[in-house]
Amino acid sequence: MVKVVNTIVFFGTRDLSITSSFYKGLIGLELFRDQGTCQIFSAGGGMIGFCDHLQVIPREDTPIITLLTDEVDEFYKRLIKAGVECTEPTVNEKFNIYHFFTRDPDGYRLEIQRFLDR
């Protein structure tokens, strides 16, 4: 039987350098591979890639890039200190999560979240 060993989701970016600074420098993701026009970051059990040859298509509510962490409040403080606009962290009882939203440099909706039932 064939087996999937990981995933990468790719998004377009207007400026790979700014996007890299945001995800690597501010968020703290590890750069897995730099392919010149694309950069792939390790994000726990999956990967996220940004390419300057793909179209940037953020909408108001989609897509949502969700990063899971036990340190939601610490991420919130770090982003606010860096001048990034964020919603207040809240408990969402429907999904049993603690989270907040922000936007990355290309306007993609970014959610920082932890599950409360862990």
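So, Gln39: this residue is buried, because its relative accessible area is 10% and buried here means under 20%, with exposed over 50% and partly exposed in between, using a 1.4 Å probe on protein chains only. Before I go on, this is a predicted model, where local features need pLDDT of at least 70, side-chain atom pairs count only at pLDDT 80 or more, and totals for chains, interfaces and linings use all residues. Residues are numbered from 1 along each chain as its sequence is written, and side-chain values use heavy atoms, with hydrogens and water left out.

Back to Gln39, which sits in strand β3, residues 38-43. Strands are DSSP runs of E with at least two residues, helices are runs of H or I with at least four, and they're numbered from the N terminus. What does the side chain of Gln39 make a polar contact with? One partner is the side chain of Ser20, at 2.9 Å, and the side chain of Asp34 is joined to Gln39 by another polar contact, of 3.2 Å. By polar contact I mean a pair of N or O atoms within 3.5 Å; within protein, one must be able to donate a hydrogen and the other to accept it, and residues adjacent in sequence count only if both atoms are side-chain atoms. Leaving aside residues up to four places away in sequence, Gln39 also touches Leu16, Leu31, Arg33, Ile48, Gly49 and Phe50, among others; contact is heavy atoms within 4.5 Å.

Ser20 takes us to helix α1, residues 16-26, where Leu16, Thr19, Ser20, Phe22, Tyr23 and Leu26 are buried. The cover over those buried residues includes β3, β4, β5, α2 (72-81), β7 and β8 (109-115). At the start of α1, Asp15 has a side-chain oxygen within 3.0 Å of the backbone nitrogen of Ser17. After α1 comes Gly28, with a positive phi near 95 degrees.

Two other backbone spots. Thr62 and Pro63 are joined by a cis peptide bond, omega about -5 degrees, and Pro63 is in the loop between β4 and β5. Then there's Asn96, not a glycine, yet its phi is positive at about 55 degrees. Asn96 is in the loop between β6 (90-92) and β7 (97-103), and counts as partly exposed because its relative accessibility is 31%.

Now the largest pocket: how much space lies in it? About 360 Å³. Of its 21 lining residues, Ala43, Gly44, Thr66, Leu67 and Leu68 are the closest to the centre. The elements giving two or more residues to that lining are β1 (8-12), β3, β4 (46-51) and β5 (64-68), and β5 gives the most, with 5 residues. For the method: on a 1 Å grid over the protein atoms alone, a pocket is an open set of points where a 1.4 Å probe fits, with protein on both sides within 12 Å along at least five of seven lines, and lining residues have an atom within 4 Å of a point.

Zooming out, the protein has 2 helices and 8 strands, in the order β-α-β-β-β-β-α-β-β-β along the sequence. The C-alpha atoms fill a box of roughly 45 × 40 × 25 Å along the principal axes. Of the 118 residues, 39% count as buried. And for contacts between residues at least 6 apart in sequence, 52% join residues at least 24 apart.

Key:
Grid points are joined across faces, edges and corners, and a volume is the space filled by probe spheres set on the points.
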